[in-house]
Amino acid sequence: MELLRPFGRPRPTRKMLADAAYYIGVVAICVPFVFVFYWMVLGGLKTQVQNTASPPLFLFTPTFENFRKVFVANQFLKYIENSFMVSGGATLLALALGLPAAHAIARHRQRGVALGILVARMAPHLSYVVPFFILFQKLGWIDTYACMILTHLVITLPIVVWIMIGAFEDVPLELEEAARIDGCSRWRVFTRISLPVCRTSLATATILGFIFSWNNFIFALILTGPERRTLPVAVFNFISGDEIDWGGLSAAATMITLPILLLILLVQRHIVQGMTAGGLKE
Amino acid sequence: MATQIHSEASPPRASAPGEFLERHFGRLLPLPAALSIAALIIFPLAFNIYMSLQAWFVSSTTPPAFVGLKNYVEIFGKDARFWNALWVTVKFTTVSVVLQLALGLAIAVYLHREFHGRGLVRTVMLLPMVSTPVAVALIWVIMFNPSLGILNYFLACLGLKPLLWLGHPRTALPSLILMDTWKWTPFMVLILHSGLQSLPITPFEAARIDGASRWQTFRYVTLPLLRPSIAVSLIFRTMDSLKTFDTIYVMTEGGPNNATEILNIYTFQTGFKYFHIGYASALAVILVLFVFAVNLLLIKLRERSWSY
Amino acid sequence: MARRVPSFLIAAGLLFAWMLFLPRPGEAQKFDWQMHKGTTIRVMANKNVSGEAIQANLADFEKLTGIKVQYETFTEDQYRQKVLLELAAGTGSVDVIHTATAQEGLKFWRSGWYEPLDEYLKSPRLTDPGFDLADISKPALQGNTYDGKLVALPTMQQTTMLYYRKDLFDKHKIKVPQTFAELEEAAKKLNNVEEAGQKVVGIVLRGKKAAATSQWAPYLFGFGGSWLTKDGKPAMNTPEAVQAFDYYGRLLRNYGPPGAVNYHWYECVSLFVQGKAAMYTDVSNRIFFFEDPSKSQIVGKIGYAMFPAGPAGRKPTMEVWSMAVSSKSKKKEAAYLFVQWAASKENILKMQMKGAPSVRASAWKDPKFLAEQKHKDWVEASLKSLEIASTDWNPPIVAVSEVRDEVGAVIVSSILGENVKAAADKANAEMAKIMEKTEGK
């Protein structure tokens, strides 16, 4: 392990060997992480008989029947729509509520709100489920978009605020001061100066919030019925009655994970910073 | 009057609401969020505490009955399953986080070098972290299958005996820890990697000049300098690990024989399988307090590590 | 004056006569399947043979009544939880529920979630004259009756059965086991034999904690044990019960598949249809899967026999799945039409033809069924078992789910080879605690 670039003048062949060995190491590290996804996609392309073959098959003739079944026979489009609406709604709402809050915490020291957000991030989702269930029952909102979006706020709001606090803190004070001097109201400073400067963090916050809301299982498990069920709960349908439909399960799992993986490609540079923002600073 | 530099930001018309906003900006801005937090967090917490003092079985013929602290007394005094759940939670979180930290550190250090395809590797690292837990958990269940799963096949290829993985109380929790490690080690790798990137060069130069070996450099220079990153990664990972639910519920539902039943799952079963809502609320309160205590402890520890 | 009296009398007489022919309240209309045409009802069902068989025939119902059905199925464990959630919520979001009264009946009844059906059955307006309640199995109806009120109409009735691989039995010259001892012998002989290039286990049974308890019950009764003692106390650590735990666990441990503690019936069926197990005891509707060429690799190779006898005799249990109307439903009559149709002669026969064992004597005797049913041994074993079967596949208490978890833990311990007596004692104590908390609530 070298922490600095190698210096001196090593002979080319030895260096090439050492480099090759290094790259092999890198690949070896990456393989386990990718393998599971590879196996998932493969499983979706196998028939039931191929999936339960022993020893496991790596080479086989693929079939698209599982993927077709997932879409056609299982109302997958409806569930995708539900997931989009819920996660999209929860993320937008989190932005509307969280951006002003984060700015206030960064600039105006609203410690109480900050503490509340921290508490929200810590508490296990389970502790919300019973109260929300009983509340939404009384309101008759079970299995509606309203109920799910409000509940998912518990997930998206802390993420948005947490990331944006760090981002707003990074906006140079001089920039904001200059705008104030020019007679901008605080609100205008916020919307015209601070926000645009934090564009990238904003994108990260939005996408991360969306992803974690998309992935959530427990809220949909308890608070939805057939109409507004989201994808993670729908994938459960594949532990079917007659045999465990491994092909269908794998195909469904692939379809659920795919949008997320695509989104990640857009923001991969900023994810880590996003996930730990506000933590590395004090 | 100074000339306007920013032409888009023209001065607002003086209006009463505008002025009110101006003056109380700091306090008004977070108001919507604060109200949502009150509704979303304080309400459930308060409700849980209220319900925990009742005994209720969600039947429409018997209304909730106030029993004071009876639920808590029973949980701490007579509920062996509760203590088991607590212990399993501690085991799961500690082993997972430590394992992920160690592996993450090793990988981060290994990858701390200029090489082609760095961006690609970073993308690969992200995949497990952001993938939908329920979906990948079910794939892992397929891979863990003792007769048909690919993991036993790999073991056989290496000449090792097949394992029962999720099928035996003694191997179930390690299997879950393995899966969790697969999912979250990249998180540690990425944090520690950024940490490494931001380290100053000077201490390393000094170490090289002093003739320190690689291991010595690592132990006496890298590690201490990385302490803040390590602390941050520990805190975030522990916070999230204590919230684990989806993967364990889907893979073992707390079995076999409660070997993987973390407190989260035990509370869920009590509430949504047996419908002892009062008892479950008490468990939920205890769970939340426990999580807060652990997080607070870690944060305090970190504050102390800042001074070195 | 004298002339007016007669007209008055005539008028009164005419009025009286007219009133005589007015329709009387309560017997206004005749029964009409289409009386709730255009409504939509929501049905929740378990994803088992019964739930899927009814689902397959939904088009018949919709054509017959003009009622649209939102039919939702879930896998068994999830189903139990979801239905409980929705009923507990009390908003009337579900109209018809698929129910196994032996599991949840007492709890649901005490919570007031079932709509009693006696009045509906008696009313000529609401019940098809051809319904023929007497044709339905008495024990099944009895099992669905609480405090004298019938809460659900049975649609499928299954009993414990022994499935075995005829081809393997012939090849290795083994007789069909009639007793527990013979069962163990056969499992031992057939364990790890090679067949079609793969290893076969001697026997597969449910091992997944709570799921296993219902199929362990026949073994419990076969050894002479019972759920409760005569004075209603738990009987999980009597010598007979311990014997049953020991036997069941031993069978799976020595002659069963690896990882059996995670086997719900889905996994058992999966293993069996792949040809990897020589024997399997479970409920009798598995024929639905076994003889389906699209799912099974062992079509035609299966034998069907009665559940073997223990020291106390043959004690198969009978498990009934029924349809019930939710008491909070806002469309009770439409819901009742569905329940009635599901249990009707036509529908039951149709399901039976596919292999869902029915609750109606007429269906079993139907000539078309008898002619088409290739597996006479299945029919014979089913009918004989139904005559002697008990409905007690669950302890007759309120907190069935919790107790099943405790008893299931003993089964798991036994499979793993741990101390069975200690585990049984612990489960018995826990069961007593649970019953104390929940009986009467």
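**One proline of chain C and its setting**

Modeller: Chain C has 20 helices and 13 strands. Both are DSSP runs, numbered from the N terminus: helices are H or I with at least four residues, strands are E with at least two. The model is predicted, so local features need pLDDT of at least 70 and side-chain atom pairs pLDDT 80 or more, while totals for chains, interfaces and linings use all residues. Residues are numbered from 1 along each chain as its sequence is written, and chains are lettered from A and ligands numbered from 1 in the order in which they are written.

Along its principal axes, the C-alpha trace of chain C spans about 110 × 50 × 35 Å. Of its 441 residues, 53% count as buried. Buried means 20 or more other C-beta atoms within 10 Å of a residue's own; 12 or fewer is exposed, and in between is partly exposed, with C-beta atoms placed from the backbone.

Now the spot itself. C:P257 sits in the loop between α11 (239-255) and α12 (265-273) of chain C. C:P257 is buried because 24 other C-beta atoms lie within 10 Å. Contact here means C-beta atoms, placed from the backbone, within 7 Å. Leaving aside neighbours within four places in sequence, C:P257 contacts C:V201, C:V204, C:L271 and, across the chain boundary, B:S147. C:D366 is 109 residues from C:P257 in sequence and 39 Å away in space, C-alpha to C-alpha.

Step back to the chain. Among contacts in chain C between residues at least 6 apart in sequence, 77% join residues at least 24 apart.

The boundary with chain B comes next. Here 19 residues of chain C contact 19 residues of chain B. On the chain C side, α4 (76-89), α5 (101-111) and α19 (400-415) each give two or more residues. That side divides into eight nonpolar, seven polar and four charged. Nonpolar covers Ala, Val, Leu, Ile, Met, Phe, Trp, Tyr, Cys and Pro; charged covers Asp, Glu, Lys and Arg; the others, Gly among them, are polar.

Last, the core. A nonpolar core is a set of buried Ala, Val, Leu, Ile, Met, Phe, Trp, Tyr and Cys residues joined through C-beta atoms within 7 Å. The largest has 296 residues, and C:I203, C:F338 and C:V339 are among those with the most contacts inside it. Not counting residues up to four places away in sequence, C:V339 touches C:V96, C:L153, C:M323, C:A324 and C:V325.

Note on methods:
Contact = placed C-beta atoms within 7 Å.
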